[in-house]
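Please have a look at the model with me before I go through it.

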Amino acid sequence: MIYDAVIVGAGHNGLVAACYLARAGLKVCVVEKNDWIGGAAVSRELYPGFTYSNCSYVASLFRPEIMRDLELPKFGLQILPYEGGAVFMENGDYLGMHRDHDANRREFARHSKRDAEAYDRYARDVLRHCRFIRPMLLRTAPDPSSFRPRDLSELAWLGKQMFGLSEAAMYDMIRFWTMSIGDFLDEYFEHPTVKAYQAVASIIGTALGPMSPGTAYVLLHHAMGDVDGNVGAWGFARGGMGSITKALKASLEAAGGEVRAGNGVEKILIRNGRAVGVALENGDEVHGKRVVSNMDVKRTFLRHVDEDELPGDFVKRVKAFKIRGSSGKLNIALDCAPTFTALPPNSPHMKGDMHFTDSIEKMERAYDDWKAGHYSADPFQDMMIPTMIDPTMTPPGKHFMSCFVQYAPPKIEGNDWTDADRDGFARACLDQIEKYAPGFKNSILHVEVRTPRELEKEVGLTEGNIFQGELTFDQLLFNRPVPGCAQYRSPIKDLWICGSSTHPGGGVMGAPGRNAASEILRDLRAPTKDMSEAYAVL
Amino acid sequence: MNVMKTTDPRLHYLTPLKQTPFHPRTAAENRLNDWGPWAGYTTALSFGDTAMEHSAIRNTASVYDLCPMVKYRVTGPDAAAYLDRLTVRNASKLSVGGVHYTIWCDDAGKVIDDGTLFRLGPTDYRICCQERHLPWLLDSAIGYEVAIVEETEDVAALSLQGPCTYSVLKAAGFDVADLKPFRMRTFPFDGGEVMISRTGFTGDLGYELWTTPAHAIALWDHLFAAGAPWGIRPIGTHALDIARIEAGFIITNLDFIPVDQAVREDRARSPFELGLEWMVDFDKGHFTGRRALLKEKVNKSSKWALVGLDIDGNVSVEGSIIYQNGKTEVGTVTAACWSPSAKRNIALAQVRRPYHESGNLFVEVYALRELQYAKLMLPARVCERPFFAPPRRRTTPPAPF
């Protein structure tokens, strides 16, 4: 049996690519090292009756075009938009978030009257940047050094986007793409907690602090998603993030594709300079006319391809690709909901994202620990309780709490993480929550602690970087993952890459997987009738 | 829970739309519970019959709750100089007790908002406007000795409009016989004060009454008692909207997009493009946007024109696309109605220059009648605003009706 395509890794991008290829009539097989599927969009029951979102924990970026093309609602996917959110402040108060414009303004006004009236202009500017970048998500980045007609026309399109801007907007754009989120927010807001909340999306998944240049763009990466057409809205996948990959798998199987879980790829098989399949850890071989790797670029080329098959310069660039781990995760089964002393009773804020870092300075201090090779003593946490709106994940009255934690370095002072390090990391997080919700610790039934060590080992993310490579300007567009290799192809014929290491990057977006499938089908001159045009930005 | 609502400032989100100080009265009068949000307040869209309410504006006396209007107080020795710098009109020339309609622009000469400026004292002004601008106002104050305070919730205001309003005020004990348009005067009332300005948004004889929330209900009751013989009635936003279109007045975010909210850069408009160039005072010294506006004036580089349209027939043309020769798209209707006062089919529109002078314009209308559309291409002519301007709006003293 020779497949048309063997996809390595059943993460969301691998499955998205597989679905599109299968719908175009290709024989597709996805191989997955774990006994379960999902990659970083995964839900497992690690405590009886509790479904976790073990890695990624919120949805917004997943492209609606993909959900439609692959009929994911039909295959069971539901995204529940959420509201609320709060930053707990050192002084015992909090800054809450509201979807209602007036409520949000009044909440800001509790802390700063000026900031309350600054939000509209800020939102306009962020939306302007989003509108610029969104049309690029479902397009293959042009190769600026190529003279192929398609590259030239894509470059021209990019140029038109750029030159369609006024002079002032162009200045703003370039500044925005390169400046720190701290500096960007200083141009709008005065209150430290208002800024700290807005900065959250800029540091998540990034081994940089809010004062590091380049972090403003990362904000955009999180702000440009939508739930059911509500730009910037976020939601939970009902039943946990694994529901996304479960729906993808069902869609794939309905289109005739296969998934083989439980055996990882040992080696990508290369004959006469062409990828011809994979050798699995158990010695089995799966043969295909092409191999599509959903693994990150380092894992793909530095661990599963012989170095002598690759050009030296390419290997050098892949080695230099920044994929530094910056985060960890705590998944907690709770006997009851925590009580945060700052919040009023029945507060809607607990339905959203909660944080304990009330200033940019505090966030930067947490990053200082990372630089020194430590997990943060006073970490930044993006804490959610999805069971506040999705009761399907736990028994009635119980809760699942997801804590995304920064910062956690890939190594502790240059050494591998030990179990003691992991326990210390978990303690810092739990102590922080306990401080704002006394008694919380007593309600814990089970905790899954994932440091970069676990993320790399279990999920396969090099250094535990959740985006398969940092989203800084030097690693975007035609430079992602490495210059000259941004069109989902590799120096080895018939070896493709489709993970978040490629344009447009990480998050449960699906765009890299779809774009890779699009390139493969183009290469085959196969019809792409099941791939709808990216929605226009009017 | 009710107790907590009033005492705990954190619980504002339970009532995201606030009630104005007049709510106990407007709620009692709102027969159909026809409410809409305006700047964070619950406001009456109608009290039950928009046509009758509009008739009150033009034939008797109408009362509109103005409280949601955003208000800023500007005080200090440099208040006049600051407002000269901020706005395009000459605020120093505005005498104490005077009011003028004004706009302010960004550095590129694009309009941020319009509003009315009240000179309450030599160093004391109030700005009333549609949108919120605290950061812009504070940043513009750098180098000026002024204090800027947002005071929306500290003021309760009613707009009393219609030909009988002078008589109503007289019956209420407020002598405004010699109060000219755009002037104001303060009267003692209910142990406090009420300031009455001869201003409004209807293009008719009318006044606006300003007090503090503590005296709001007393003011309402006093006006309605005094105005009963003239058929005074509360009106909602729908009726006011017809009157303001007849008067040719524009509203921020309906007839133009304020530059600081325009996501699409090309939506921003200059005063020239909104028909407001008459108020730009290039001789008063520097003001924000002056350089860009002077350049636009010299180069005649304005791209748009805001015009009044007179349209054939009696089918109202809200939101329609405007064509020249029936095929070239040249603009959009921003507000429209059949005018009961002028007996004309009227509209405000943004038209791309030079088509505002080209003639031969048509308005495309899809008129829904019992689930089927009548597709109409109606001839339209650019015409003078206001569409309806009774002399009584300016006569001083006003004639008794």
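This is a predicted model: local features need pLDDT of at least 70, side-chain atom pairs count only at pLDDT 80 or more; totals for chains, interfaces and linings use all residues.

Let me begin with a question: does B:R344 count as buried, partly exposed or exposed? B:R344 counts as partly exposed, because it has 18 C-beta neighbours inside 10 Å; a residue is called buried if 20 or more other C-beta atoms lie within 10 Å of its own, exposed if 12 or fewer, and partly exposed in between, with the C-beta atoms placed from the backbone.

Residues are numbered from 1 along each chain as its sequence is written, and chains are lettered from A and ligands numbered from 1 in the order in which they are written.

Staying with B:R344, we find it in strand β17 of chain B, which covers residues 344-352; helices here are DSSP runs of H or I with at least four residues, strands are runs of E with at least two, and both are numbered from the N terminus. If we leave aside its neighbours within four places in sequence, B:R344 is in contact with B:D310, B:S339 and B:F387, where contact means that the C-beta atoms, placed from the backbone, lie within 7 Å.

Strand β17 belongs to a barrel in chain B, closed by six strands in the order β14-β17-β16-β15-β18-β19 with antiparallel pairing, and two strands are said to pair if DSSP finds at least two bridges between them. On average, neighbouring strands of this sheet are turned by 40° against each other, direction ignored. As one example of the pairing, β15 (residues 321-324) and β16 (residues 328-339) of chain B run antiparallel and are joined by four bridges, and B:Y323 stands opposite B:E329 in β16(B). Helix α8 of chain B, residues 237-247, lies across β16 and β17 and runs at about 120° to β16(B); the axes are lines fitted to C-alpha atoms, for helices over the stretch in contact, and angles run from 0 to 180 degrees between N-to-C directions.

Turning to chain B as a whole, we count nine helices and 19 strands, and 45% of its 401 residues count as buried.

Finally, how many residues of chain A are in contact with chain B? There are 22 residues of chain A in contact with 19 residues of chain B. On the chain A side, α3 (101-111) and α4 (113-137) each supply at least two residues, and α4(A) gives the most, with 10 residues. That side of chain A divides into six nonpolar, two polar and 14 charged residues, where Ala, Val, Leu, Ile, Met, Phe, Trp, Tyr, Cys and Pro count as nonpolar, Asp, Glu, Lys and Arg as charged, and the others, Gly among them, as polar.

How values were computed:
Two residues are in contact if their C-beta atoms, placed from the backbone, lie within 7 Å.
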